[in-house]
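I opened the model to look at the ligand site, the domains and the packing. My notes follow.

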Amino acid sequence: MTLETPTANSFSLPFGEQRNGPLYGKDILSVHQFSREDLTHIYTVAHEMRGMVARIGTFDLLKGKILANLFYEPSTRTSASFTAAMERLGGSVIPINNVQYSSVSKGESLPDTVRTLECYADVIVLRHPEVGSCALAAQYASKPVINAGDGIGEHPTQALLDLFTIFEELGTSDGLSVTMLGDLWNGRTVHSLARLLALFNVKLNYVSPDVLKMPDEIVAELNGKGISQQAFTELDPILPETDVLYVTRIQKERFESQEAYDAVKDLYVITPDTMKQAKEKMIVMHPLPRVGEISMEVDADPRAAYFRQMEYGLYTRMALLAMVLGKA
Ligand code: CP
């Protein structure tokens with residue numbers, strides 16, 4: 001993507017009232033809602049945001065706007081990056097990261113909680129353990145709801161930032177061989193990313209134990225779109241041709257017993273030896289947190305993109321907030 005980097009003087013040019021933009025006033029619930037054209041728009045704005053943060057840090061595009069950050073599950077990156085995104089854009093945040101200290105602990109329903117928060121905020125970011133909870137919240141809220149992860153369902157803003165990472169690091173996603181490794185059953189990030197990548201000419205490889213394989217409904221959906229998909233239980237056969245290695249954590253909190261988790265928890269660990277078999281230009285991504293599936297010795301390898309990936313998340317979420325609120 002070739003773009004002019006904005007300067008403080010060109011501030012009024014790329015950003016302004018855009019009430020006819022593709023995301024203005026919309027919920028962000030699933031990657032299914034995005035077309036390639038939408039992605040071009042989002043990444044053009046995200047790239048502009050990257051330049052603006054580098055040049056002037058914080059600016060007043062969303063001055064006076066308020067975000068309600070409502071998290072029923074733990075989060076470091078998603079919660080902090082939405083907060084940072086809103087504050088970099090001059091807006092402010094109502095943080096509800098510990099719902100046990102809110103009226104949720106008194107039994108307040110999700111519909112009532114979002115209808116409360118929209119009295120105070122212009123946009124609601126929601127993470128919840130139940131699949132479909134964000135769609136439910138959006139039915140009741142008149143302000144935009146952004147899905148920050150609904151159980152093992154979707155994590156659309158993570159997929160958007162993952163794809164932005166691929167574009168910024170490799171220049172394209174067309175023609176790439178993308179290998180997803182780890183807990184593909186419970187990993188909402190890989191569910192969303194696989195669906196988003198299906199908009200492009202990619203080859204998807206899934207590496208997992210059989211009990212944690214990519215759900216059949218997603219494989220069938222992508223087959224219907226003509227996407228080449230292969231499943232493996234070992235990384236070795238597919239690593240040499242891989243352009244993007246997307247590693248995920250085995251999600252202990254989603255297992256029914258400690259024994260079931262112990263049986264699969266240490267199956268895959270990326271080490272400097274693994275990296276010797278990989279392409280010189282491959283990138284390693286991970287939504288994080290990691291709990292041992294990528295050795296810390298890999299961090300110094302320039303192909304380790306997972307820390308840069310978090311930073312791309314800030315720019316992507318700045319773009320989404322600005323677009324949803326009609327300012328980009
Ligand atoms: N990637 C991600 O969703 O991280 P958090 O759980 O820390 O938000």
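Predicted model: local features only at pLDDT ≥ 70, side-chain atom pairs only at ≥ 80, totals over all residues.

I started at the ligand. One of its oxygen atoms is 3.0 Å from an N or O atom in the side chain of His-155. I count a polar contact as a pair of N or O atoms within 3.5 Å; within protein, one must be able to donate a hydrogen and the other to accept it, and residues adjacent in sequence count only if both atoms are side-chain atoms. Thr-78 places a polar side-chain atom 2.6 Å from a ligand oxygen. Leu-288 uses its backbone: an N or O atom there lies 3.2 Å from a ligand nitrogen. Taken alone, the ligand exposes 260 Å², and the protein buries 91% of that. Areas are by the Shrake-Rupley method with a 1.4 Å probe; for residues, only the protein chains shown count as cover.

Residues are numbered from 1 along each chain as its sequence is written, and side-chain values use heavy atoms, with hydrogens and water left out.

Next, the domains. The assignment, automatic or from a database, gives domain 1 (31-155 + 313-324) and domain 2 (157-310). Their centres, taken over C-alpha atoms, are 25 Å apart. The contact (heavy atoms within 4.5 Å) takes 30 residues from domain 1 and 27 residues from domain 2.

What did I find in the largest nonpolar core? This core has 67 residues, and Met-180 and Leu-204 touch the most other members. A core here is a set of buried Ala, Val, Leu, Ile, Met, Phe, Trp, Tyr and Cys residues joined through side-chain atoms within 4.5 Å. Buried means under 20% relative accessible area, exposed over 50%, partly exposed in between (1.4 Å probe, protein chains only). Helix H10 (residues 306-324) gives the most to this core, with ten residues.

Thr-157 sits in helix H5 (residues 156-170); helices are DSSP runs (H or I, at least four residues) and strands are E runs of at least two, numbered from the N terminus. Thr-157 is buried, at a relative accessible area of 0%. Beyond neighbours within four places in sequence, its contacts include Phe-82, Asn-147 and Arg-317.
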